[in-house]
Amino acid sequence: MPKLTIDGKIVEVPPRTNLVEAGKKVNVVVPIYCYHPALSVVASCRMCQVELHAPNQPVRLVAACRTEALEGMQISTSGPDATRARAAVLEFLLANHPLDCPICDKAGECDLQDYSFLYGSGQGRFEEKKREGVKHELIGNHILLDQERCIMCTRCVRFMDEYAKSPSLLVKGRGDQSVIATFPGEKIQSNYEGNLSDICPVGALTSKEFRFKSRVWDLCSSDSVCTLCDRLCTVRLEVKRGRLFRVRPIENPQVNGWFMCDRGRFGLLDHCNPGERATRAFAGASSVGTETAILALATKLRELRQELICVLSARLSCEEILLARRAFAPFVRPEGLLFLPAVEEGGDGILYTGRQAANEAGLKLLGIRPATDSELRAVLSTGGPSAAVFFDHKDAERAQARASCAFLALIDVVPRNLPEAPLHADVFVPGLLFSEKEGTMINCSAILERLRRAQPAPEGVAGERSVLERLGDLLKADRTEIEGPDLTSAVTRALGLPQRTLAQIPRLGLKVPSSAPALETARR
Amino acid sequence: MPTYLSTHLQRRSALPLEDALSEGRYRTAERVLAEKTPDQVIEEVKSAGLRGRGGAWFPAGTKWSFMPKELKGPSYLVVNADEGEPGTFKDRQIMEKDPHLLLEGILISAYAVRAETTFVYIRGEYLDSYRAMVRALEEARARGLFGRNVFGTGRNIDVVVHRGAGAYICGEETALLNSLEGRRGEPRPKPPFPASHGAFGRPTTVNNVETIANVPVILEKGTAWYRTMGTTQAPGNVLFGVSGPVNRPGLYELPVGTTAREILEKHAGGMKDNRKLKAFIPGGASTGFLPASMLDVPMDPESLKAKGTMMGTGGLIAIPEGVSIVEAARVFSRFFRHETCGQCSPCREGSAWSDRIIGNFTRGQGRRSDLKVLQDIADGSVRKTICVFPEAYAGPMLSAIKHFRAEFEALAKE
C-alpha cells in the first residue's frame, strides 16, 4: 500500500487511489467540481490542482482527481502555486456566473459559493457583459436547468450516461458557447433524475419540488432511511416546521452508493406529508383515548385466545416487530403471527427493488412467517380464527378482512379522520410514520439501518412502540426477550449480533449474519 | 540544396501512381519491408533525428519506440492531417499534389510501429486533400501496394481516410483520436499516452503528414545524407509556408535553421510594394509575434525557443508596417476563443475573456490594468489544463504585449 504525505500528514492508501480520496483519509479537503467518486474522471474543472514536490525537481501542479497516489509522494494543497491556480480557476468560473446567490436555491450549500469564500479573491475583475443562456427550463419531470449558473463540470452528463444508464444530456456547442442541454425535443425520463440537483456543484440544476420552498439553512436534517422499497437507501430527511421539504441520499457504499431513486426522493414528500390523517383511537363505534383502546384490545385478546391471527407489516421497525411478537405470540393460533410479502413489481436494475416492503427482511429475520394473500383469505374465511390484528390497512383490504372477521383491530397510519374507525375496525389505534420514529430496519441485503425521528408525532398519537409495549404489559407477557439497555439491544441480540444499543448502530449500518437464529415463536 | 518534399508541389493536380512508380516511389518501402525489421526502421529514424513537423518537434523515432513490441490485438498509426494552425498550408499540398509520397511514408511507418491499419485524419475543410488521398489510395490498392500481403511479405497494411468536421482542436492528437472514435473532439488527459491507449483504446502512434513524408527519404538515402540538412538537433528540410504581403507567398522547402530573413527576403521575394516589415509570426498563429528586428533568427526549434517562442509548423506570416498589432492579436484571440473545446475551465473562460479585453483595446476601450489581467489569464491557464491550448492563445497575446506594448497603451482609455 503506497504511503505518501499530504500537507505534512502521512497517509497510507490502497493502490490506485487518487489524491482527492487520499486527502479525505487525513481530513485534507481537495476542492473539486467535476470529480465525483461514482463517475468517470474528466479532470476538466482544474479546481483540484495540487502541488507535487519531488527532490531536485521543480514543483509541478497536478489534477488530484486523476493522479494516482504513489509511494513517497509529497503533496501540498496549500502551497503558493496551488493557491494561485485555485484562485485563478475561481476567477474564471465566476466571470460568467450570474452571482444571483440571494435568489438561488443552492446558496448555503453551493461549492462555488463555499470555495469562492475559502479560496477566491473576493473581488472580480471581469467587467464584460455576462454570457446569457436558458433559465429555469424543465428538462425532465423534476429538474430545471439554468445554463447561466452552470460551470460546465459535466457531472450531470456523465451521471445520466454512466449511472442512470439513460443518456439524456449532452454538451452542446464549443468553447465559451458550450452549454448543457437535452437532446432536441427530448426530456429526461429516468428514475434517477433527482440526483442531478445533488451532484450539480452549483445552482444550475434545481428540482421543481424544492425550488423557492426554503433556504437550506432553515432546514433541520435527520439521517434515516427511505422506506419506499426494501433497498432502504440511507437518506437525509430535511424538515422545517414539521414538514418534510427535501430528501437527499447519503453516501453509503453497502446500501445505495451515493444516490437514491426518484420514487423514493419525491415519493417520500407525499408519504411523510400526508395532510389529514386519522389521529383518534376507536373502540367499537366511539372515539376513545389510546389507553382505552389498548385496554379494549387486551380484553378482546384474552377472550379470543388462540383464535387470533396477527398480520404484521414491513412498515414496522425491528423494535416494534419484537414488541408485537412478545405481545401477540401467546394469543395467536399456531402460525398465526405472519405477514403478507410485498407484491413483486420488478425493480429498475439500479437501486429501486420493486418491493415496497421496507422492513420485510426484519420480519423474516425476526421469525415472522410469510403468508400469501390467498392463504390469508382462506384462513380468515373458513371459520378458523374469527379475529385479526392488522398493522397495515392495505393488508386488511388485500385479505378482505372486514368481510370475514368477527373482530378486526387495526394499528396504522391511515389517510384521514373519519367519524368512524377506518375499515370499521372494532379497535383502531393510530400509528406513526417511519419519519416520526426511532428504531431500526433491515434492508434487502441484510443491513441493519437506523431510523431517526425527523418529524414530530401528531398530537395524541402514541405510536406503535408504546402501544405494543403497553399491550404486552397488560397481557402480562414475558419481558425477558425485550430486556436490556434499550429495545435495539434486544433486537440485535435476537438477530444474533453482538448486543448494541440504538446509539451504537453505526452510521452506515450493520450487516446481519445470514445465519441469524430464526427465533422460536414463544408460546405458552 | 537537395529537396525531397516539394518535388511535385508545383503541379496542378496529384501525381498519378504510374508517374510516381516510374520515379521510384514505393521501391524504398518494398525494400524496407523485405530487408529490415520494424526495430531497425525505428533505429534509423531515431538516428536520423527526425522530429515531428506538426509543431511540437518531438523526436519521431522515440515516439515510435514507445509502441509495444509484443502485441495482442491491433495497434494503429494515425496520420494527423488536421492542418488547422493559421498560417499553415503545407500538409494539404503534399496530399493534393504528391499523395504517394505520404502513402509510401505510411507503408514504412506503419510497418515500423506494427500497425495494420492507418487512419489519415483530414481536416474537414480539406475536401480536395480528401479526394486526392482517396483516389491515390484506390490506385495503390489496385496495384497491391495496400491491403493484404503487401509486396508478398505476408504483412497486411491498409489505410482508412477519414474527414474531420472542422475543429482546430482536433489537431491535438488525443482530441483527434476522440473525434476519430465518434466522440466530442476534446483532448484526453495524459497519461495514458496514445502509445498505450490510443485510438479505440489500442496502442497508437500519431504523426503529422510532413513527418511521415520525411520517412521514405531517410530509409532511401540513409541517416548520414539526411543529417547533411538542417541542424544537429533538428535535421532535414521543412516546408516553410510564407504568407502576408510578400512578393512570392507560398511553400519553400528549406533546411531547418534557415533564417527568417533568408526565407522572407530571398525566397519569398521580400515585402510587396516596398512595404516595410513590422513583425512576423514564425510558425503559425500560436507562436506569436516577433518584431522585424529578430529577422535573423535561425528557424529551428532551439533558436526560436531561446527567443521565447516556438518553431511551430513553419507557417511564417509577414506583417507590414501600418498593420495594428492589437488588431492582429484580436484576429487570433477571436480564432482561439472560437476553437477552444471548452472542457477545462481556465481555457474556456480565459480564451473568451482575453478576446473580449483585446476587443476592447481595438475599440479604444481598453485599460492599462487590463494588460495585467491578460497576463494573469495566461498565468492561470498555461500548463494548468489538459492540453496545451492555453499556450496557443497566450502566445500571440503575450508576445504582442511584450514587443508592442506601446500600441496597447496608445489604445487604452485610462
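**Entry 1: a charged pair between helices**

I started with Arg470(A), which counts as partly exposed at 34% relative accessibility. My cut-offs here are under 20% relative accessible area for buried, over 50% for exposed, and partly exposed in between, with a 1.4 Å probe and protein chains only. Before going on, I noted that this is a predicted model, where local features need pLDDT of at least 70, side-chain atom pairs count only at pLDDT 80 or more, and totals for chains, interfaces and linings use all residues. Residues are numbered from 1 along each chain as its sequence is written, chains are lettered from A and ligands numbered from 1 in the order in which they are written, and side-chain values use heavy atoms, with hydrogens and water left out.

Which residue does Arg470(A) meet in a salt bridge? I found Glu291(A), at 2.6 Å from N to O. The pair links distant parts of the chain, 179 residues apart: Glu291(A) sits in helix α7 (residues 290-303) of chain A and Arg470(A) in helix α13 (residues 464-474) of chain A. Glu291(A) is also partly exposed, with a relative accessible area of 34%. The salt-bridge rule asks for a side-chain nitrogen of Lys or Arg within 4 Å of a carboxyl oxygen of Asp or Glu. Helices (H or I, at least four residues) and strands (E, at least two) are DSSP runs, numbered from the N terminus.

**Entry 2: other salt bridges**

Within α7 of chain A, Glu303(A) and Lys300(A) are 3 residues apart, about one turn of the helix, and their side chains meet at 3.3 Å, N to O. Glu303(A) counts as exposed at 54%, whereas Lys300(A) is partly exposed at 27%.

Glu409(B) lies in helix α15 (residues 389-410) of chain B and Arg368(B) in helix α14 (residues 368-381) of chain B, so the pair ties together parts that are 41 residues apart in sequence. Both ends are partly exposed, Glu409(B) at 25% and Arg368(B) at 46%. I also noted a network in which salt bridges that share partners join Asp100(A), Lys135(A), Asp146(A), Glu148(A) and Arg149(A).

**Entry 3: where A meets B**

How many residues of each chain are in contact? I count 31 from chain A and 35 from chain B, contact being heavy atoms within 4.5 Å. The buried area is about 2,600 Å², with carbon and sulfur atoms giving 49%; that is the accessible area (1.4 Å probe) the two parts lose on being put together, summed over both. Phe92(A), Arg125(A) and Arg174(A) supply 30% of what chain A buries against chain B, more than any other three residues.

The rule finds 5 salt bridges across this interface. I looked up the one between Asp176(A) and Arg337(B), with the closest N and O atoms 2.9 Å apart. On the side of chain A that touches chain B, the elements giving two or more residues are α2 (80-95) and β8 (169-172). Of these, α2(A) gives the most, with 6 residues.

**Entry 4: a buried Glu**

Is Glu360(A) buried or exposed? Glu360(A) is buried, at 5% relative accessible area, and its place is in helix α9 (residues 360-365) of chain A. Leaving out residues up to four places away in sequence, Glu360(A) touches Ala314(A), Phe339(A), Pro341(A) and Ala342(A).
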